[in-house]
Every structure is written in C-alpha cells, then in structure tokens.
Amino acid sequence: MMLHTRIGTRKAVWPLVVLAALLLALVGSAGRVAAAADCQFVLGFQALHAMIPDTVGDCVENEQHHPGEGVTLQRTTNGLLVWQKATNHTAFTDGYHTWVVGPDGLQQRLNTERFDWEPAAPMPAMDDAQALTHAYVLTAIAHYEQHGLEATVAYYNSGRSIEGERSLMLLQAGDQTVLATPLYPPLRGTNTFSSPRTPLGSLFAQATAEGYWFESFSANPATGQEEPSLFLAVLHDGLIFISVHSIAIENVAAATQDYVNRAIAMYDREGLDATIAYYDSQESVDGQFYLFLIGADDLYLAHPIFPHLKGTDIKDVVGSDGQELGKEIAQATEAGHWVDYLWPNPVTGLEEPKSAWVIRHDGLIFASGYYTPDPDAEPPAWKDAEPRAYTVTYVEQAIARYARDGLEAMKHYYNSVASFEGQWYLFVMDANDLYIVHPLLPHLIGTDIKNVVGSDGQELGKEIAQATEAGHWVEYLWPHPFTLQEAPKVAYAVRHDGLIFASGYYPVEDPRAGTQAYVAAAIAYYEANGLEATVAYYNSPASIDGQWFLALIDAESQTYLTYVIAPHLVGRTTSKTATEAGEWSTTRNVVNPLTPENDVYHRWFIRHDGLIFSSGYFASE
C-alpha cells in the first residue's frame, strides 16, 4: 500500500446547494465533459436551461433524485443544476457563479454570496474535509471525461496532481490494477495490494457511481506520517477513482475488529490451512494491520511480520518494558478483549504503543491491532545510526543488562521479539559454545555454534567461536530478520564472563554506485545483444535486482520501451531527457517497497545510442 484498509463504512450522501457550489468550484477548473447522448432536461431544469442555454450547456446525465437529502441534481457540460426541496428554488452553478430562479426571476450572484430573500443555508450532509475529497475525485472524473484515460493517468501519476494531503489512486475495475498513483510508483501496473482479494481491494470493489466511503490508514503526503483516514471510491466508466483525507483516530478500533472478523469469516469458510497460508503472506498485510493467529495450545500459527515466532508460545512474549503481554493475549475469550502494549510498527519499523483486539474462536486466537505513536517521540538510537558502530553499542548494552539483571533475565529478554531493534538482535553462546539466545532462529538454542556452516560452505560458526575479550568481526551469509532470506551479514562477537555475545548488521552497497553499475550493465547488455533482446529481457522479472529495474526510453519519441514494474507505461510518453554524461533526479514522498516507509527516490538517467537508460534507488533524507 503501501496503503491500508478498513475501519468501517459510511454511506455516501450528496451535498445540498451550498456544497454543490463548492464542488463545482473545484470541478470547473478541469474543463467541460462530454455530453451524454440520451439525457434530457425536464420541468424546472428545462425551463432554466431555456433561459441561459449557453451558460448551462448540454446535459451529461438525467436528473438524479436524492430524497434523503431533499435535493435533485443534474450534471451538465458547464456545471450543475440543483433543485432543493426546502426552498423550492432551481439553480445552476458553474463552480464560481450561481444563477437562481427566485421571486424576482432569474438572478446571478457569486457562490460566496446570498440574496436577501434566500433562506440561511442548511447544514451540508458532508463535513468540509469530505466535501473537498469529494470535489477532488469529481475533478479527476471531469479531467478524464475531457482529456481521456492516457492524459489522466499521466497527470495523476505526477506530483502536480497532489493537493495538500489529497492525491488520486486510479484503478481499472475488475482486477483493480493500479493505473495511477503519484505516491506509490512501484504499485503502478500491479494489483498486489489492490486486487479484490486483498483487504483493501475488497473495499475498493464496493465503489459505486455515487461513491463509497470507508475509514482506514494512509500516508499523508503533506506530513509523511501514517494517519487514520477516510477514503472515497467512485466507480465511473469502468474505472475506480479514489482519494482520501485524514480523520480523527476514534474509529480505528472498529476497523481493527472488522479486520479480525474478516479473518474469522475466512477460517469458517475456507478452513485453517487456507487461513494460515493467506495471513502468513504479505498479501494479507494492510499497512499497520496484520493478523497473528494462535493455536489452541497458544503456539503461533501465523505471523507475517515476525515469521520466526511461528511455533513459539505466545505466553513467553514479554515487551521491552517487561510487560507480560503474551500472557494477557492468551487470556482471550469468545467475547474478546483489548490488550495495550509496546510493539514494532511494520510501517515505521519503530516500537510504538499498540492496542490489539484478541478473540478466541473455535479454540484459536485471532488478533490484530493498531498503533498510536507519539508524534513528539524521539526516534530510537538505531534509526539512521552508523551500522558498524551501533552493532558494537547493541552488544555492549546486552553485556550491561547481563551484568545488571543476571543470566536468566538476560536470556529471557533477548530471546523475545522485544529485544529487536530494527535489523539488530542478539545471539549468545555459553562457555561450551552452545547457543543460549537466538530470537530469530530459536531452534538453534542448545546446539553448538561451531557446527554452523553457511550455504556457501563457510564454517562461520567456528569463526565466531574464536571471539576473545577484545572482540572480532565475521562476515557471512545469514537470513535477514525482515525477510528470512539469506543476505550478507557483518557480525561482531565478543567473549565476556565466558559467554559469547554477538550481533550484526546487513550492509547495503553504495546505492548511488549500485544504480550506475546496474545501468552500465544494461548498456553493456544492449551492446552485446541488441535492442530487441534488451527490451525483452528488461521487461521480464528476471531483470529486477533488489530495488533496481530498468526504465528504457526511446530518446526521439520519448516513449517507454521497458518498465517491468509498471508495464502499462510501456509505449507511453514521458518528458524526460538526458545527456550522454548522465544526470540524477529526485522525487520525494515515494513509498519504499523494501521498508516500507516514505522515502526519497533517486533516479539516474543517461543517454546512449538514441536511448535513455534509467534506474534508481531509495534513500531517506
């Protein structure tokens, strides 16, 4: 997402005449929309159109009656016709001016003004924030009607389309492939987080022509923070137009319970194996929402964020502050209860206050929660720390805890998820070189580290066992705690009081040099194999290397030839140029699919043989 799902739903309601004027004030800037061939004006709208036909324009739809709000509306190519039951007045607005048929006949005024004979405006059915979001979506629809799909996708993929905290996500109805999103470029051309099967996508699928509102979390582009938000999804011409604004956190609890209820419904419908498979996957993660599923024996069955917890007892989990949160969660009943504790937020990677809803169903515990971070809290020491120096610090802190609290307390803490700090965790061996602490791979506890051999044959365990009181560094391949996939690791190990204390970090090569090397390799591939083979290879997933992929542009036509993560862009034009010396560009507030946080995306462009080769990397400012 990237993007998140669900806190309950709200019925979409049409605005009254004052709100209609506000909406059209924003929509009007998008220009005229095409007239519908089979619509017509009738009664009062027909009479008003006859008075000022050029001002009103042609109809776009037949009039729409909304008895619950006491209003009738009809869109035209130039604006909106409105009849309000409370006043029995017929009016037309182009978004800036309003023409009203009143006691003195047809009169014109600004939207911000009122005639003396007009009654006070009734309270609108939407609050101001909803009205602005509704207007933003209607503006996008009007842009589409006037300029077509390709121009709309191009515009709403650009930062120019962002208005404060509002941006647009445009989906193709059906499989709900993302066509446009300025905030999440890696999602374009995919439906990984938006397909109807996902928690978020199932809500998008409920979009209607009138609009479907639901509450969830999203990243606010104005602040860069994840916030409780109200989404609007409108179905129009086979497309789903979506925008969002921030709201108070008061309804998040309902969303959490709803997320859990959906998991229970899947279990009842499809069984335990299918439920574990789905909720153990990243597909089920919806921003900060994910399910942790616990068996009747209180052992974890599914946990998509910390997979190493599977098979361990929830009752053994203790928070970084000493809270025995696992025992509180294990007390879940069929009535359900809330548990408050500190836990890493999968979106920010930081430990934050969390409220989890836990409920027993058919002997199992289904649980999920939401986070309430302190906006004024200082970032943890490991955040943006120099990794080699912090590795030593982390180990020294563990030794200090051992000296202060004793062996058993140290083991208990560092064998729990509470001890993780970003990528850092502790592993400890006793005087016989047997593991006594390993929170990532607990099955190693009791085994001899000297027997550990890497997948490449490196006897890394014997190298670590050579640790002295002076400490030493060892480099090897090891599962990364975020992915459990092997990656290069640099570990620091030191003997203290007969024990070996060790931790490590996963180095990342210089991303700037890595990006340029990736592009240089693509140019070499082109020189060796030709254009056709290059286009075929770099449009295939095999060409993706970590966060690097190739965007290949024909310099003359400025059309994309390759864009593997957003294939719908292939064949479309861009305004990007480049020189043979190469140049960098920077885009802010882009969701990094590797963290996933809002980061800065740096792209390298270089021209070669009439082509522009490009790739990029993410880096925090």
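Reader: Why is Q176 called buried?

Author: Buried means under 20% relative accessible area, exposed over 50%, and partly exposed in between, with a 1.4 Å probe and protein chains only. Q176 has a relative accessible area of 2%, so Q176 is buried. This is a predicted model, in which local features need pLDDT of at least 70, side-chain atom pairs count only at pLDDT 80 or more, and totals for chains, interfaces and linings use all residues. Residues are numbered from 1 along each chain as its sequence is written, and side-chain values use heavy atoms, with hydrogens and water left out.

Reader: What is the phi of Q176, and where does Q176 lie?

Author: Its phi is near 60°, a positive value in a residue other than glycine. Q176 sits in the loop between β8 (169-172) and β9 (178-180). Strands here are DSSP runs of E with at least two residues, helices are runs of H or I with at least four, and both are numbered from the N terminus.

Reader: Is D497 buried or exposed, and what makes it so?

Author: D497 has a relative accessible area of 56%, so it counts as exposed. D497 also has a positive phi, about 55°, although it is not a glycine. Its place is the loop between β21 (486-496) and β22 (499-505).

Reader: How do you know that C39 and C59 form a disulfide?

Author: The rule asks for a pair of cysteine sulfur atoms within 2.5 Å. The sulfur atoms of C39 and C59 are 2.0 Å apart, and the pair forms a disulfide. By this rule the count comes to one disulfide. C39 lies in the loop between α1 (17-27) and α2 (43-51) and C59 in the loop between α3 (53-56) and β2 (64-66), so the pair ties together parts that are 20 residues apart in sequence. The link is right-handed, with 95° about the S-S bond. C39 is buried, at 12% relative accessible area, and C59 is buried as well, at 8%.

Reader: What makes β15 and β16 a pair?

Author: Two strands pair if DSSP finds at least two bridges between them. β15 and β16 (residues 351-361) have eight bridges, in the antiparallel sense.

Reader: Why are β14 and β15 called edge strands?

Author: They belong to an open sheet of five strands in the order β14-β13-β17-β16-β15, with antiparallel pairing. β14 (300-302) and β15 (337-344) each pair on one side only, and they are the edge strands. From one strand to the next, the twist averages 35°.

Reader: Which strands does helix α7 lie across?

Author: Helix α7 (residues 252-270) lies across β15, β16 and β17 (364-371), running at about 150° to β17. Axes are lines fitted to C-alpha atoms, for helices over the stretch in contact (heavy atoms within 4.5 Å). Angles run from 0 to 180 degrees between N-to-C directions.

Reader: What makes a set of residues a nonpolar core, and which residues have the most contacts inside the largest one?

Author: A nonpolar core is a set of buried Ala, Val, Leu, Ile, Met, Phe, Trp, Tyr and Cys residues joined through side-chain atoms within 4.5 Å. The largest has 69 residues, and those with the most contacts inside it are F292, I329, W343, F427, I464, W478 and F501. Apart from it lies another core, of 20 residues, among them Y259, A263, I276 and Y370.
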